[in-house]
Amino acid sequence: MSRSVLVTGGNRGIGLAIARAFAQAGDKVAITYRSGEPPQELADLGVLAVRCDITDSEQVEQAYKEIEAKHGNVEVLVANAGITKDTLLMRMSEEDFTSVVDTNLTGTFRVVKRANRGMLRAKKGRVVLISSVVGLLGAAGQANYAASKAALVGFARSLARELGSRNITFNVVAPGFVDTDMTKVLSDEQRADILAQVPLARYAQPEEIAAAVSFLASDDAAYITGAVIPVDGGLGMGH
Ligand code: NDP
């Protein structure tokens, strides 16, 4: 069964690994990217790459129109695109806060709301939101990011209740620290501090996040909705 899958921010990092996993499983995959050019690997896998900044509703609308024209209605949406702007509260500007919320939370709202139209018509759909262990544990210097990621849980659980009867599931994956550009900016000292708290004592590979997302989109996960699945090496245990 080849489904129409959309992964936001699928040009690199975790999103790229998710897009690759769906494409290799035979789905029709589209990704959005905001800047630069998507890697050649995606074209080789037959993945449709659409430029779209999720902070702009008009760009989201245009991206969906292009994807629907080529792949049909989106059946599986993975809202993965996200940013950090880490700093302590005393130095955090309003823009540092609102831009992170606008991308991570409101951007997710924009893409989920637009996908919902086709899913309602089809009376089926799978939505997976990429949150973070930090949304549940908090982290000094990440109040903006943690707030945006925690909010995804309430968002997903509300929609799980609102749209469960329409056969649309909403789940959250909460990764721990993953080896991507986002964590490359951490100093060696920060890295060592983090690893000391992770029971599995290593970072995740992006493919390990993709595996959980693929499962949540699979038939085997048909009865799972409103769940928060940690893929964090044990870092957030109990939250
Ligand atoms: P990267 O920084 O490697 O990639 C982020 C992706 O999001 C890029 O594709 C980027 O596009 C895209 N993006 C950012 N802002 C926008 C926007 N306004 N519109 C459209 N696309 C946008 O991050 P990761 O792969 O590490 O992270 C992916 C997700 O996983 C994020 O939501 C992140 O918060 C979450 N996460 C990551 C963890 C980690 O340790 N790495 C841990 C827990 C959660 P572009 O290339 O154009 O910048």
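I began at the end of the sheet, where Ala174 stands opposite Pro230 in β7, and I noted the conventions before going on. Strands (E, at least two residues) and helices (H or I, at least four) are DSSP runs numbered from the N terminus, and two strands pair if DSSP finds at least two bridges between them. This is a predicted model, in which local features need pLDDT of at least 70 and side-chain atom pairs count only at pLDDT 80 or more, whereas totals for chains, interfaces and linings use all residues. Residues are numbered from 1 along each chain as its sequence is written.

**Entry: strand β6 and its partners**

I looked up both neighbours of β6. With β7 (residues 228-231) it pairs in the parallel sense over four bridges, and there Val173 stands opposite Ile229. With β5 (residues 125-130) the pairing is again parallel, over six bridges, and Asn171 of β6 is the bridge partner of Val128.

I then asked which residues of β6 point one way and which the other. Ile168, Phe170, Val172 and Ala174 point one way, while Thr169, Asn171, Val173 and Pro175 point the other way, and all are buried. I count a residue as buried if 20 or more other C-beta atoms, placed from the backbone, lie within 10 Å of its own, as exposed if 12 or fewer do, and as partly exposed in between. In a regular strand the side chains alternate between the two faces of the sheet.

**Entry: the whole sheet**

I traced seven strands in an open sheet, in the order β3-β2-β1-β4-β5-β6-β7, with parallel pairing. Because β3 (48-51) and β7 stand at the edges with a single partner strand each, one side of each is left without a neighbour in the sheet. The twist averages 20° from one strand to the next; axes here are lines fitted to C-alpha atoms, for helices over the stretch in contact, and angles run from 0 to 180 degrees between N-to-C directions.

Helix α3 (residues 57-71) packs on the sheet, touching β1, β2 (28-33) and β3, and its direction makes about 160° with that of β3. Helix α4 (residues 94-122) lies across β4 (76-79), β5 and β6, and runs at about 170° to β4.

**Entry: the core**

I looked for nonpolar cores, meaning sets of buried Ala, Val, Leu, Ile, Met, Phe, Trp, Tyr and Cys residues joined through C-beta atoms within 7 Å. The largest has 65 residues, and those with the most contacts inside it are Ile18, Ala19, Val29, Leu77, Val173, Ile209 and Val213. Helix α1 (residues 13-24) gives the most to this core, with eight residues. Leaving aside neighbours within four places in sequence, I found Leu77 in contact (C-beta atoms, placed from the backbone, within 7 Å) with Leu6, Val111, Val112, Ala115 and Val127.

**Entry: annotated positions**

I checked UniProt, whose positions are given in the numbering used here, with feature names shortened and annotations that may be inferred rather than shown by experiment. Its unreviewed entry places the feature "active site" at Tyr145, which lies in helix α6 (residues 143-163). Is Tyr145 buried or exposed? Tyr145 counts as buried because it has 24 C-beta neighbours inside 10 Å. Beyond four places in sequence, Tyr145 is in contact with Thr84, Asp86, Val100 and Val134.

The same record places the feature "binding site" at Gly9, Gly10, Asn11, Arg12, Asn80, Tyr145, Ala146, Ala147, Ser148 and Lys149. These positions span 141 residues in sequence, and the farthest two C-alpha atoms are 25.0 Å apart, so they do not all gather at one spot. Arg12 sits in the loop between β1 (4-7) and α1, and with 17 other C-beta atoms within 10 Å it is partly exposed.

**Entry: the chain overall**

Notes:
Contact = placed C-beta atoms within 7 Å.
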